[in-house]
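Colleague: I'd like to learn how to read a model like this one, feature by feature. Can you walk me through it?

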Amino acid sequence: MINWSLVLIDGTVLSLLIVPIVIFSFLRRPRIWLGDFPDDIAASTDPITPEEKSLAAKVGLSVVAVMLVVLALSSARFGFESGFFWAALHTFLVFQFFNIVDISMDWVMLWRIDPADPPIPGTANAPGWTNYSFHFWASVKGSVIGLPFAAIAAGLGWLAVTYL
């Protein structure tokens with residue numbers, strides 16, 4: 001029932017839209033991502049400022065919005081002829097495609113960052129800069145969060161197909 005080529009295409013589209021947002025924002029303002037790193041990195045630097053919190057919320061909201069729209073459109077493209085379960089499963093698999101891209105991106109960034117000269121001042125030699133397992137477990141949590149998120153996105157896709 002799953003259209004794997006559609007999963008790959010839509011997962012690629014999702015990744016191509018979100019990855020630049022993440023990379024650009026990390027390169028310009030890495031501190032807005034402190035909440036997505038191991039605690040020792042955040043503990044090694046000044047607390048996040050209100051301006052950084054606001055920017056982090058805006059970037060996070062834009063990522064979630066792009067994800068919801070792309071996943072809803074993906075479920076609509078897949079169709080609901082086979083039932084909502086299959087459309088939601090398709091949407092979850094597209095989400096998982098991005099999740100794999102995300103952890104790969106995290107690991108490549110960790111591999112490229114010099115722990116002695118990291119992009120966030122005050123965090124030099126923090127063990128978190130080499131903590132690949134932290135990002136693995138974050139990806140596992142993302143998979144769990146992806147289940148209801150995919151169902152919501154598929155529901156939005158169904159609403160769009162039904163009422164638009």
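Colleague: Which residue forms a salt bridge with R77, and how far apart are the closest N and O atoms?

Modeller: A salt bridge here is a side-chain nitrogen of Lys or Arg within 4 Å of a carboxyl oxygen of Asp or Glu. In this predicted model, R77 pairs with D10, and their closest N and O atoms are 3.0 Å apart. That pair links distant parts of the chain, with R77 in helix 3 and D10 in helix 1, 67 residues apart. Helices (H or I, at least four residues) and strands (E, at least two) are DSSP runs, numbered from the N terminus.

Colleague: Are R77 and D10 buried or exposed?

Modeller: Buried means under 20% relative accessible area, exposed over 50%, and partly exposed in between (1.4 Å probe, protein chains only). R77 counts as exposed because its relative accessibility is 52%. D10, at 6%, counts as buried.

Colleague: What should I know about the source of these values before we go on?

Modeller: Residues are numbered from 1 along each chain as its sequence is written. Since this is a predicted model, local features need pLDDT of at least 70 and side-chain atom pairs count only at pLDDT 80 or more, while totals for chains, interfaces and linings use all residues; side-chain values use heavy atoms, with hydrogens and water left out.

Colleague: Back to the ion pairs, then. How many salt bridges does the structure hold?

Modeller: There are 3. One of them joins E51 to R29, with the closest N and O atoms 3.6 Å apart. E51 sits in helix 3 and R29 in the loop between helix 1 and helix 2 (39-43), 22 residues apart. E51 is exposed at 53%, whereas R29 is partly exposed at 29%. Another joins R31 to E52, with the closest N and O atoms 2.7 Å apart. Here R31 is in the loop between helix 1 and helix 2, and E52 is in helix 3, 21 residues away. Both R31 and E52 are buried.

Colleague: And the overall fold? What pattern does the chain follow along the sequence?

Modeller: The pattern is α-α-α-α-α, from 5 helices and 0 strands. The C-alpha trace spans about 55 × 30 × 20 Å along its principal axes. Of the 164 residues, 41% count as buried. For contacts (heavy atoms within 4.5 Å), take those between residues at least 6 apart in sequence: 73% join residues at least 24 apart.

Colleague: How do I read a nonpolar core?

Modeller: In soluble globular proteins, nonpolar side chains tend to be buried together. A nonpolar core is a set of buried Ala, Val, Leu, Ile, Met, Phe, Trp, Tyr and Cys residues joined through side-chain atoms within 4.5 Å. The largest one in this model has 30 residues, and L14, I18, W33, I41, M67, L71 and W129 touch the most other members. Helix 1, helix 3, helix 4 and helix 5 each give two or more residues to this core, and the largest share, 7 residues, comes from helix 4. Leaving aside neighbours within four places in sequence, W33 is in contact with V22, S25, F26 and V59.

Colleague: Which residues are closest to the centre of the largest pocket?

Modeller: Think of a 1 Å grid over the protein atoms alone: a pocket is an open set of points where a 1.4 Å probe fits, with protein on both sides within 12 Å along at least five of seven lines, and lining residues have an atom within 4 Å of a point. The largest pocket has a volume of about 960 Å³. Of its 31 lining residues, W33, D36, D102, D106 and A138 are closest to the centre. Helix 5 (132-163) gives the most to the lining, with 9 residues.

Colleague: Where is N125, and what is its phi?

Modeller: Most residues other than glycine have a negative phi. N125 has a positive phi, near 60°, and is found in the loop between helix 4 and helix 5. N125 is exposed, at 55% relative accessible area. T123 lies in the loop between helix 4 and helix 5 too, but T123 is buried at 0%. Beyond its neighbours within four places in sequence, T123 is in contact with I41, S44, T45, P115, P118 and W129.

Conventions
Grid points are joined across faces, edges and corners, and a volume is the space filled by probe spheres set on the points.
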